[in-house]
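This report looks at one helix and at the charged side chains that pair along and around it. The sequence and the structure come before the text.

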Amino acid sequence: GFDPVCYRSAERFFESFEAGKPELEATFAAAREFLEGYRSSPTPASKSPCAAATKAYATAVKDSPSAASEKALLAFVDEAVFTNDDGLDPVCGAAAEAYFSTYLTGAGEAAASEAAAVAYLEAVGASPDFDTESPCGQAAQAYIATF
C-alpha cells in the first residue's frame with residue numbers, strides 16, 4: 001500500500017540527485033528523510049514498500065562506502081521484515097542519524113562510522129531494556145562481525 005514516508009523519501013532522493021548531488025549523497029539524504037518521517041509514522045517498517053526496496057537497493061549497490069554498514073543494513077531489513085517489527089528502534093535511529101548527519105557534512109566514511117558507533121553506544125547505555133536480538137541488535141552484530 002501507499003506509504004507517505006516512503007514517498008517522501010523517494011522525493012528527497014530525486015530532489016538531491018537533480019540538484020547535482022552524487023548518487024550516494026542523494027541516497028543518504030533519502031534515508032535520512034525516511035528516518036525522520038518514520039519516527040512519527042504509524043506504518044510499521046516491515047509492512048512498508050520501502051523495506052523491500054531498501055533491501056534490493058542495498059544488495060545492488062556496487063560502490064558501498066562500507067561493507068560493514070551494508071551488512072548491518074541488510075541484517076536490519078531482513079530481521080525487521082521477517083519478524084514483523086513494528087518500528088524504528090531508538091538505538092538504531094540514533095546511530096543512523098549520527099551516521100547520515102556526519103557523512104552529509106562531507107566528513108567521510110570513517111568519521112560517519114565513528115559518529116554512529118558513539119551514538120549507538122550512548123543510546124544502548126541510555127536504554128537498559130535494549131534487546132540484542134531485535135532488528136537493531138542483529139544489525140549491530142552483523143556490523144561488528146565484519147571486524
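Is glutamate 11 buried, partly exposed or exposed? Glutamate 11 is partly exposed, with a relative accessible area of 29%. Here buried means under 20% relative accessible area, exposed means over 50%, and partly exposed lies in between (1.4 Å probe, protein chains only).

This is a predicted model, in which local features need pLDDT of at least 70 and side-chain atom pairs count only at pLDDT 80 or more, while totals for chains, interfaces and linings use all residues. Residues are numbered from 1 along each chain as its sequence is written, and side-chain values use heavy atoms, with hydrogens and water left out.

**Helix H1**

Helices are DSSP runs (H or I, at least four residues), numbered from the N terminus. H1 covers residues 4-18, which is 15 residues. From first C-alpha to last, H1 reaches 21 Å, close to the 21 Å expected at 1.5 Å a residue; the expected span is 1.5 Å times one less than the number of residues. Val5, Cys6, Ser9, Phe13 and Ser16 of H1 are buried. These residues lie on the same side of H1, because they cover an arc of only 100° around the axis, taken from the directions from the helix axis to the C-beta atoms.

At the N-terminal end, H1 is capped by aspartate 3, with a side-chain oxygen 3.0 Å from the backbone nitrogen of valine 5. Just after H1, glycine 20 has a positive phi of about 95°.

**Salt bridges**

A salt bridge is a side-chain nitrogen of Lys or Arg within 4 Å of a carboxyl oxygen of Asp or Glu.

| Pair | Closest N and O atoms |
|---|---|
| Arginine 8 and glutamate 11 | 2.9 Å |
| Arginine 32 and glutamate 97 | 3.0 Å |

Arginine 8 and glutamate 11 are both in H1, three residues apart, about one turn of the helix. Arginine 12 and glutamate 15 also both lie in H1, three residues apart. Arginine 12 is partly exposed at 26% relative accessibility, and glutamate 15 is partly exposed at 39%.

Glutamate 97 forms its salt bridge with arginine 32. Glutamate 97 belongs to helix H5 (residues 90-103) and arginine 32 to helix H2 (residues 23-38), so the pair ties together parts that are 65 residues apart in sequence. Glutamate 97 is buried at 18% relative accessibility, whereas arginine 32 is partly exposed at 27%. Salt bridges with shared partners join Arg8, Glu11, Arg12, Glu15 and Glu33 into one network.

Terms used
Helix = DSSP H or I, 4+ residues; strand = E, 2+ residues; numbered from the N terminus. Polar contact = N/O pair within 3.5 Å; in protein donor to acceptor, adjacent residues only side chain to side chain.
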